[in-house]
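Visitor: Hi, I'm new to this one. Could you walk me through it?
Guide: Happy to. Have a look first, then ask away.

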Amino acid sequence: MKFLHCILWIILPLSAGALTINGLPYLEANEVAGRLGMKTSWIERGKRIRLESQWTRMEFELNKREMVLNGTPVHLGFPVAEHRGRLCISESDYSNQIQPILTPQLNGNPPGLRRIVIDPGHGGKDPGAQNPSLGLREKALTLDLAKRLQRLLQANGFEVSLTRSDDTFIELDERSAIANRRGADLFVSIHFNALERSSVSGVETYAFTPFKQPSSARADLHESDLRNYAGQQDGPWSTLLAYYVQRSLADSLGSSDRGLKRARFTVLRDLRMPGILVEGGFVTHPREGSNIGSAAYRDKMARALTEGILLYQKTLSRLEGTAAR
Ligand SMILES: [Zn+2]
């Protein structure tokens, strides 16, 4: 079985820097570094590698489906692989996860950013995640946070509306339809997490899974990964936004950083603008839960979300300025 497994990992050199590993095109980490003007160094020979430039640091670990970009975990579609003692990164991850963040000038024309739709998760008959002992109900927490975020974004000159402004139930596909009808430039869905295991805590930000990649929660490609969705059109911009928002949230809250993840959430599937889904922490974790229950903490979250969106806006403005010259 071991031998069979080995021959399944067929490695064929294609062109300079391009390899096929397990049926997928891969790039050697050195090739990735060269393309991005970065230098490589081993953290642990043959196992962990660092790619570095003046402003950026990326770390990869053999067999891991994650990289750490400037301290932020970014989940990859495929595991980091090895070829002749060198670590390799899938081409799909290079173009869908690395490029959108590090070379956004290649993402195409920067989208406008004026109208934002915030989507407070759950509502009405759907309470979402709960922690009865702390008196927490996700639907009330998301609405409160959404309203705080709305005020802050409005103060920064954005036109902001909510998919619901009271305790109403709205179907998931209707939420993205609302953003599409309103001609939004950006969509932010807000949620909180829950797990039976109360020791788990931390924030995570989701962008829609790229075409032909498995979502973070899945090990392998699934038939649904090979379909085209409207929500993929602005994939690179959603990725960039998710990265800024996740970094800002983790820095500001000091909570466990669960990283930028991928899922084909219904609420993101049909969007015709960049969009993300934020999981602002676990109501089931004793300390994080009681933090989330405090208005001051939710205010801090709203400020961190605003900061992430402003960083995204700053990058769009810089790219527009470059395009105009
Ligand atoms: Zn939720």
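Visitor: By class, what residues does the lining of the largest pocket have?
Guide: Its lining has ten nonpolar, five polar and three charged residues. Here Ala, Val, Leu, Ile, Met, Phe, Trp, Tyr, Cys and Pro count as nonpolar, Asp, Glu, Lys and Arg as charged, and the others, Gly among them, as polar. Please note that this is a predicted model, where local features need pLDDT of at least 70 and side-chain atom pairs count only at pLDDT 80 or more, while totals for chains, interfaces and linings use all residues. Residues are numbered from 1 along each chain as its sequence is written, and side-chain values use heavy atoms, with hydrogens and water left out.

Visitor: How much space lies in the largest pocket?
Guide: About 430 Å³. Of its 18 lining residues, Thr-56, Ile-101, Leu-102, Tyr-244 and Arg-318 are the closest to the centre. A pocket is an open set of points on a 1 Å grid over the protein atoms alone, with protein on both sides within 12 Å along at least five of seven lines; a cavity is a set where a 1.4 Å probe fits but cannot get out, and lining residues have an atom within 4 Å of a point. Grid points are joined across faces, edges and corners, and a volume is the space filled by probe spheres set on them.

Visitor: Why does the largest pocket lie between the domains?
Guide: Because domain 1 (8-102) and domain 2 (115-324) both give residues to its lining. Those bounds come from an automatic or database domain assignment.

Visitor: What about the second largest pocket, what is its volume?
Guide: About 210 Å³. Twelve residues line this pocket, and the closest to its centre are Asn-22, Leu-24, Phe-78, Pro-79 and Asp-220.

Visitor: New topic: how many cavities of 30 Å³ or more does a search find?
Guide: One, in the whole structure. The largest cavity holds about 30 Å³, and its lining is Phe-208, Gly-231, Ser-238, Leu-268, Leu-271, Met-273 and Gly-275.
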